[in-house]
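Trainee: I'm new to this one and a bit lost. Could you pick one part and take me through it closely?

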Amino acid sequence: MRITDTSDLWWKSAVIYCLDVETFLDADGDGVGDLEGLAQRIDYLADLGITCLWLMPFYPSPDRDDGYDVQDYLGVDERLGDLGRMVELLRLAHDRGMRVVADLVVNHTSDRHPWFRRSRAEKDPAKNPYRDYYVWRADEPGDTSDQVVFPDKEDAIWTKDDKTGEWYLHHFYKHQPDLNLDHPEVVAELLRAVGFWLELGFDGFRVDGVPFFAQEPAKEGAEDAVDPHAFMRKLRDFIQLRRGDAMTLGEVNLAHQDQLAFFGGESADEFHMQFDFIGMQATYLSMARQDAGPLVTALQERPVLHRTNQWATFLRNHDELTLDKLSDAERQEVFDAFGPEKEMQVYGRGLKRRLPTMMGGDPRRVRMAYSLLFSLPGTPTLFYGEEIGMGEDLAAEGRMAVRTPMQWSATKNGGFSSAAPSRLVQAVVGDGYGPEHVNVMDQLHDPSSLLSWVRELIKIRHACPELGWGDLTVLEHDGGPAVLAHRLSLEQTAVIALHNLGPDPVTVTVSCEGFGDDPRVVDLRTHEVVDPAPEIVSPLEGYGVRWLRVRRAGDLAVP
């Protein structure tokens, strides 16, 4: 029996909230968010219903890539606080029933990391034990411009080091050299860091850039390519031995079968969770077309997972909204609907917008989209500010457009910081989505606000284990192509969710088959008992939604 067979599989019923400490709340007035500021908002997150915090990189860093250029795996960036503040934050979160996971960036480091500085000091591995911590080659590489992640910033994945005259590998920026994950000492160093953060109190890790673990050999015909699955099994085994209830969440934007391999297949010995990039992209295509078909296809083509594994569903994250799994024509449909201007697009593969602006500010569409997110099978993941409908700063470069300061109030800097606006780590969003229009304070006690809507969805989510554990059935209905009707069944109960992706009102009829002749149906939002007779007939307004719970009559196990 594996350790996970008896562990708490908390991630299957979690609601995850991703935030960047430096843009959440500035407590000391220096213009940069900090751990003390985040600690002051733990109760806000607990009240929202968040059960898992995902912290973007907080490690010491030159901050040339928003902290993903790590300079020290065992510390906290002094701008954000220190280890004492981190311990206090973890205690506060745990006291409120929240788990905390850290971003784990193992594909690369900053070029200022001591390992890289030592690696480039001497090119003979016999004299320099750090040389092979990174991937070097002596011969000039060919054209690799088609492999770069940021084509507007880099034109190759190899850069010549003037000091040694050899080339080092970097799939991302040239200031982020790739680690050699096939080197035993590199793996040992990374596992020591993982063990440190687990001992400090973290509950798991979101692992960055997984597809780039599989490095090509540095020399033609060589056999020194990294096996990413071997690395992941080492990481998973180490974490499970240290803490049986810790979770790993992978950023694996690959085809379904490749994702299944990163779960560990039938052995389930790699990632516990992975983001459903394919489902996310299909959701936007369905919303653009006002046709549930693409999303239905994506859901039905999801591979069956081991019971300990889970998909992480999302509508927005900290990067550009990638649409790379869509065809060129499909991607253009989404561009036309949600980002028709060039300044809204990035790298020709995605959008640098947040969801409310893509929906034209239509509250019906925004609420429908988040209802869809929370009703889909998997674990919903929110990016900070989504719960209040924050917009983006299109003037900011690339992915930074959506990494603006959290908007707490209509006051100076949106209540994020008391510093002069020129000192902020990033500018606050302006125009119609600025703090004077979109902020927590105005929405907190407004029952008609987006914040109240998201809080209600999370509350329902926590009351319905079917949503995290249930088996999916896409239901037949007569409501037309714009309607998605699906059911998540668990033992003797089920949740049925109806979503109208179009602007026109419809009436939807779905069956209650499998729950007896007189099933009990309750509207999860109004708590009213619905007469199925024996089918559910439900009117839906344009972009309307409905959540229903079904059980056999007389079964009082579930209300």
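**A strand and its surroundings**

Mentor: Let's start with strand β3 (residues 99-104), which runs parallel to β7 and is joined to it by 3 bridges. Strands here are DSSP runs of E with at least two residues, helices are runs of H or I with at least four, and both are numbered from the N terminus; two strands pair if DSSP finds at least two bridges between them. Keep in mind that this is a predicted model, where local features need pLDDT of at least 70 and side-chain atom pairs count only at pLDDT 80 or more, while totals for chains, interfaces and linings use all residues. Residues are numbered from 1 along each chain as its sequence is written, and side-chain values use heavy atoms, with hydrogens and water left out.

Within that pairing, Asp103 sits opposite Arg206 of β7. On its own, β7 covers residues 204-207: Gly204 and Arg206 face one way, Phe205 and Val207 the other, and all are buried (under 20% relative accessible area; over 50% is exposed and in between is partly exposed, using a 1.4 Å probe and protein chains only). β7 has another parallel partner, strand β8 (residues 247-250), with 4 bridges between them. There, Gly204 stands opposite Met247 in β8.

Now follow the chain out of β8. The loop between β8 and α7 (256-263) holds Asn253. Asn253 counts as buried because its relative accessibility is 16%. Its side chain makes a polar contact with that of Asp324, at 3.0 Å (a pair of N or O atoms within 3.5 Å; within protein, one must be able to donate a hydrogen and the other to accept it, and residues adjacent in sequence count only if both atoms are side-chain atoms). Beyond four places in sequence, Asn253 touches residues including Pro211, Phe277, Gln281 and Thr322, where contact means heavy atoms within 4.5 Å.

How far can you trust the picture? Mean pLDDT, the predictor's confidence in each residue from 0 to 100, is 93 for the chain, and 96% of its residues reach 70 or more. Residues 1-6, though, have pLDDT below 50, and this stretch has 15 contacts in the model beyond near neighbours in sequence. Residues 218-224 also stay under 50, with 8 contacts beyond four places in sequence. Where pLDDT is low, the predicted coordinates should not be read in detail.
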